[in-house]
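Hi everyone, and thanks for coming. Let's have a look at the structure together, and I'll talk you through a few parts of it.

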Amino acid sequence: WSRGFLPVDPTDAFDPSDEGEAKLQEGDIEGALERFGEAIYEERRWPVIWLARARAQLRKGDLAAAEADCDMALKMAPTISEVFSLRSEVRTELGNLEGAAADITEALRLSPGNSHAWSMRGALRLRRGECQG
């Protein structure tokens, strides 16, 4: 828990993370990315910050960065269904339909009551030609 020789307080990440969420709600994507970056600098082991930044990256249209942030969140916490759902959305946009299908399947395994994930799965199956509309 140190950056150099100084101890790091993980709660230092709360304020910039909350401010990033507020900026994202306001539509200030660049401001949100800056604040999420500061939060990650303060506490990079908190997967929810990586997920939040991935959402902002997706809204910005930086799909590769969004996927990389999802990957980081999943390395730390491979049971957060929302990360799998978001990465499925990103991978769909990237044209990686196989990866998207695997992610949405895992999201539903982890959270079978997630109606949004079921909707995403249906849309993905249509796009992949697995069923007819």
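How many helices and strands does the secondary structure of the chain come to? The count is seven helices and two strands. Please keep in mind that this is a predicted model. If you follow the sequence along, the pattern reads β-β-α-α-α-α-α-α-α.

Now a word on the chain as a whole. It has 133 residues, and 41% of them count as buried. Take the contacts with a separation of 6 or more: 45% of those come from residues 24 or more positions apart.

Let's move to helix α3, which covers residues 47-60. Its 14 residues reach 20 Å from the first C-alpha to the last, close to the 20 Å expected at 1.5 Å a residue. Among the buried ones you can find Trp-50, Leu-51, Arg-53 and Gln-57. Just after α3 comes Gly-61, with a positive phi of about 95°.

Next, a pair of helices. Two packed helices are described by the angle between their axes and the distance between the axes. Helix α6 is residues 97-110 and helix α7 is residues 115-127; they pack at about 155°, with axes 10 Å apart. Why do we call them roughly antiparallel? Angles over 145 degrees count that way, and the angle here is about 155°, so α6 and α7 are roughly antiparallel to each other. Their crossing is left-handed. On the α6 side, the contact is made by Leu-97, Ala-100, Ala-101, Ile-104 and Leu-108. On the α7 side, the residues include Trp-118, Met-120 and Leu-124.

Is Asp-103 buried or exposed? Its relative accessibility is 3%, so Asp-103 counts as buried. Leaving aside residues up to four places away in sequence, Asp-103 touches Phe-84, Arg-87, Ser-88 and Arg-91.

Finally, the cysteines. Cys-70 is buried, with a relative accessible area of 0%, whereas Cys-131 is partly exposed at 31%. And how many disulfides are there? The count comes to zero.

Conventions:
Residues are numbered from 1 along each chain as its sequence is written. This is a predicted model: local features need pLDDT of at least 70, side-chain atom pairs count only at pLDDT 80 or more; totals for chains, interfaces and linings use all residues. Side-chain values use heavy atoms; hydrogens and water are left out. A disulfide is a pair of cysteine sulfur atoms within 2.5 Å. Buried means under 20% relative accessible area, exposed over 50%, partly exposed in between (1.4 Å probe, protein chains only). Helices (H or I, at least four residues) and strands (E, at least two) are DSSP runs, numbered from the N terminus. The expected span of a helix is 1.5 Å times one less than its number of residues. Axes are lines fitted to C-alpha atoms, for helices over the stretch in contact, and angles run from 0 to 180 degrees between N-to-C directions. Angles under 35 degrees count as roughly parallel, over 145 as roughly antiparallel, 65 to 115 as roughly perpendicular and the rest as oblique. A crossing is left-handed if the near helix is turned anticlockwise from the far one by less than a right angle, and right-handed if clockwise. Contact means heavy atoms within 4.5 Å.
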